[in-house]
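The following explanation leads the reader through selected features of one protein model. Please keep the sequence and the coordinates in view while reading.

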Amino acid sequence: MTAPVLRDVTLRDGLQLTGKLLPVQRKVDIVRRLLALGVPALEIGSMARPDLVAPMANTMELVAALTPEELSRCWVWVATPRHVEKAAAAGVRNFQYCFSVSDAHNRANIGRDTEASVAAMPDAVRLAREVDGSIQLCLATAFTCPFDGPVDPDRVLAIARDPRTEGADDIVLADTLGQAHPGEVAALVAAVRDRTPARRVVFHGHDTWGMGVANTLAAVAAGADMVDGALGGLGGCPFAPGASGNTASEDILFATRPAWFTPATLAALVDLSEELLAELGEPNRSRTLEGARSKASAFAWVVSQPQA
């Protein structure tokens, strides 16, 4: 199994539930440290209303502080053509156009039904193309909805095949609540891969029920090319009751072992994760981070204890 591309989503999905706005320079530091370590892609913020998702309030300031080269590896969450237009004017070139498969969650999260989001997507695609950008079709609640329960896979496939969404470069399948199991994930990823327009498949998992890494590996085996994770398992959706942290980036990397990921890389990630979790007052949810601080010193992946 080829190692997937990891996209670290700490600065968007990871921060959403923390309620704390990190200073722009701190976010810049996190972006640059992750990119320097070899993390291939990052999700760095959102165009969501700052009165609703306060930790995203300085996303455009962060974009302005990064170089075009850095931004070429960074994604920003958008939900409307106007979001794309504003983000593009600030320098964003990778847009994650997101809406929910279930109407109930889309109304709670974005304030409109799913059909309205689908209908607006061609304008979002056009605006992204005008700046030579890339745009993803991101389907939240692709497996379950906190309000309506299980989501019919055929509804996901219908959206993925809708002519109005065909302009997307990638399709993101999000287990927003972390309630899916590996069989479901493999089946949906394979169906999207085989029965919808050819594009890169991305899996976005949460670890609410302890299936984050298992679901990620199932997605990769079924054809996912990119997977999302967050440092220390941070994250969750503020508009999805029952959602908890993302699958930890450290756990995904330890399981998939891309060529750039070494014990030294893990040690640097552990330091960064612990700094950030302490700063935010958040618990660690990564088993790899926990294991890295163990006393099994004969294991190459164990990190020496931090200095007192």
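The paragraphs below treat a helix pair, the nonpolar core, one further helix and some backbone angles.

The model is predicted, so local features need pLDDT of at least 70 and side-chain atom pairs count only at pLDDT 80 or more, while totals for chains, interfaces and linings use all residues. Residues are numbered from 1 along each chain as its sequence is written, and side-chain values use heavy atoms, with hydrogens and water left out. Helices (H or I, at least four residues) and strands (E, at least two) are DSSP runs numbered from the N terminus.

Two packed helices are described by the angle between their axes and the distance between the axes. For helix H5 (residues 81–90) and helix H7 (residues 114–130), the axes come within 8 Å and cross at roughly 15°; axes are lines fitted to C-alpha atoms, for helices over the stretch in contact, and angles run from 0 to 180 degrees between N-to-C directions. H5 and H7 are therefore roughly parallel to each other, a term that applies to angles under 35 degrees. On the H5 side, Pro-81, Val-84 and Glu-85 make contact (heavy atoms within 4.5 Å) with Ala-120, Asp-123, Ala-124, Leu-127 and Ala-128 of H7. By class, this contact has six nonpolar, no polar and two charged residues, where Ala, Val, Leu, Ile, Met, Phe, Trp, Tyr, Cys and Pro count as nonpolar, Asp, Glu, Lys and Arg as charged, and the others, Gly among them, as polar.

A nonpolar core is a set of buried Ala, Val, Leu, Ile, Met, Phe, Trp, Tyr and Cys residues joined through side-chain atoms within 4.5 Å; buried means under 20% relative accessible area, exposed over 50%, and partly exposed in between (1.4 Å probe, protein chains only). The largest such core has 96 residues, of which Ile-44, Phe-95, Leu-139, Val-156 and Leu-173 touch the most other members. Helix H12 (residues 263–280) supplies the largest share of this core, seven residues. Leaving aside residues up to four places away in sequence, Leu-173 touches residues including Leu-139, Val-156, Leu-188 and Phe-203.

In helix H10 (residues 212–221), the buried residues are Gly-212, Asn-215, Thr-216, Ala-218, Ala-219 and Val-220. They pack against helix H9 (182–195), strand E9 (200–204), strand E10 (226–229) and H11. Just after H10, Gly-223 takes a positive phi of about 125°.

Asp-132, with a phi of about 55°, lies in the loop between H7 and strand E5 (134–140) and is exposed, with a relative accessible area of 73%. Arg-257, with a phi of about 50°, lies in the loop between helix H11 (249–256) and H12 and is partly exposed at 38%.

Note on methods:
Parallel < 35°, antiparallel > 145°, perpendicular 65-115°, else oblique.
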